[in-house]
Amino acid sequence: MVKLRVIAPTDLDLLFKWRNNSQIIALSASQKGVSKNEHSQWFMKVIKDPLKKVFIIENDGYPEGQIRFEKNSERSTWCYISIYLMPNQQKKG
């Protein structure tokens, strides 16, 4: 069963590994990897930001990707959505 779970501090290394996957980099807006320090700073900010919600996509308890929702402001009625599945989980229908 597929479910979403809110990221936890223990997901720092998992998301860092995923973020620097060459296939994920190729799909990203920046088209480049990030350092551990850059990632850690981003992670600590996003985990505390009430305008950003990041979830791990799990299938039968196995992490397969992430989805992120970002609002511009508390009053905003829309948000940016960023989603990716790890390459070995893509194209499964």
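This is a predicted model: local features need pLDDT of at least 70, side-chain atom pairs count only at pLDDT 80 or more; totals for chains, interfaces and linings use all residues.
Let me start with a term: a residue is buried when its relative accessible area is under 20%, exposed when over 50%, and partly exposed in between, using a 1.4 Å probe and protein chains only. By that rule Asp 11 is buried, at 4% relative accessibility.

Hello everyone, and thanks for coming. Residues are numbered from 1 along each chain as its sequence is written, and side-chain values use heavy atoms, with hydrogens and water left out.

Let's begin with the sheet. Helices (H or I, at least four residues) and strands (E, at least two) are DSSP runs, numbered from the N terminus. Four strands make an open sheet in the order β1-β2-β3-β4, and the pairing is antiparallel. Strands count as paired if DSSP finds at least two bridges between them. At the edges sit β1 (2–6) and β4, each of which pairs on one side only. On average, neighbouring strands here are turned by 25° against each other, direction ignored. For these angles, axes are lines fitted to C-alpha atoms, for helices over the stretch in contact, and the angles run from 0 to 180 degrees between N-to-C directions. Looking at one pair, β3 and β4 are joined over six bridges in the antiparallel sense, and Arg 68 stands opposite Ser 82 in β4.

Now put a helix on that sheet. Helix α1 lies across β2, β3 and β4, and runs at about 85° to β3. Which residues of helix α1 are buried? They are Leu 12, Leu 15, Trp 18 and Arg 19, in a helix that spans residues 12–19. These residues cover an arc of only 135° around the axis, so they are on the same side of α1; the arc is that of the directions from the helix axis to the C-beta atoms. As a reminder, an α-helix has 3.6 residues a turn, so residues three or four places apart point the same way. The buried residues of α1 pack against α2, α3, β2, β3 and β4 (80–85), where contact means heavy atoms within 4.5 Å.

That brings us to the interior. A nonpolar core, in this talk, is a set of buried Ala, Val, Leu, Ile, Met, Phe, Trp, Tyr and Cys residues joined through side-chain atoms within 4.5 Å. The largest one has 11 residues in all, including Ile 7, Trp 18, Phe 43, Val 54 and Tyr 84. Helices α1 and α3 and strand β2 each supply at least two of its residues, and α1 gives the most, with three.

His 39 is buried, with a relative accessible area of 4%. With neighbours within four places in sequence left aside, the contacts of His 39 are Leu 12, Leu 15, Phe 16 and Val 34.

On to charges. Side chains of opposite charge can pair when their charged atoms come close. I call it a salt bridge when a side-chain nitrogen of Lys or Arg is within 4 Å of a carboxyl oxygen of Asp or Glu. How many salt bridges does a search of the whole structure find? The search finds five. One of them links Arg 5 to Asp 11, with the closest N and O atoms 2.8 Å apart. Arg 5 is partly exposed, at 23% relative accessible area. Another joins Glu 58 and Arg 5, at 2.6 Å between the closest N and O atoms. Glu 58 is in strand β2 and Arg 5 in strand β1, so this pair ties together parts that are 53 residues apart in sequence. Glu 58 counts as buried, at 8% relative accessibility. Arg 68 and Glu 70 also meet in a salt bridge, 2.5 Å from N to O. Through shared partners, Arg 5, Asp 11 and Glu 58 form one network.

Last, two backbone spots. Most residues other than glycine have a negative phi, and most peptide bonds are trans. Gln 31, however, has a positive phi near 60°, and its place is in the loop between α2 (22–27) and α3 (36–48). Asp 60 has a positive phi too, of about 50°, and lies in the loop between β2 (52–59) and β3 (62–70). Is Asp 60 buried or exposed? Asp 60 counts as exposed, at 64% relative accessibility. Thanks, everyone!
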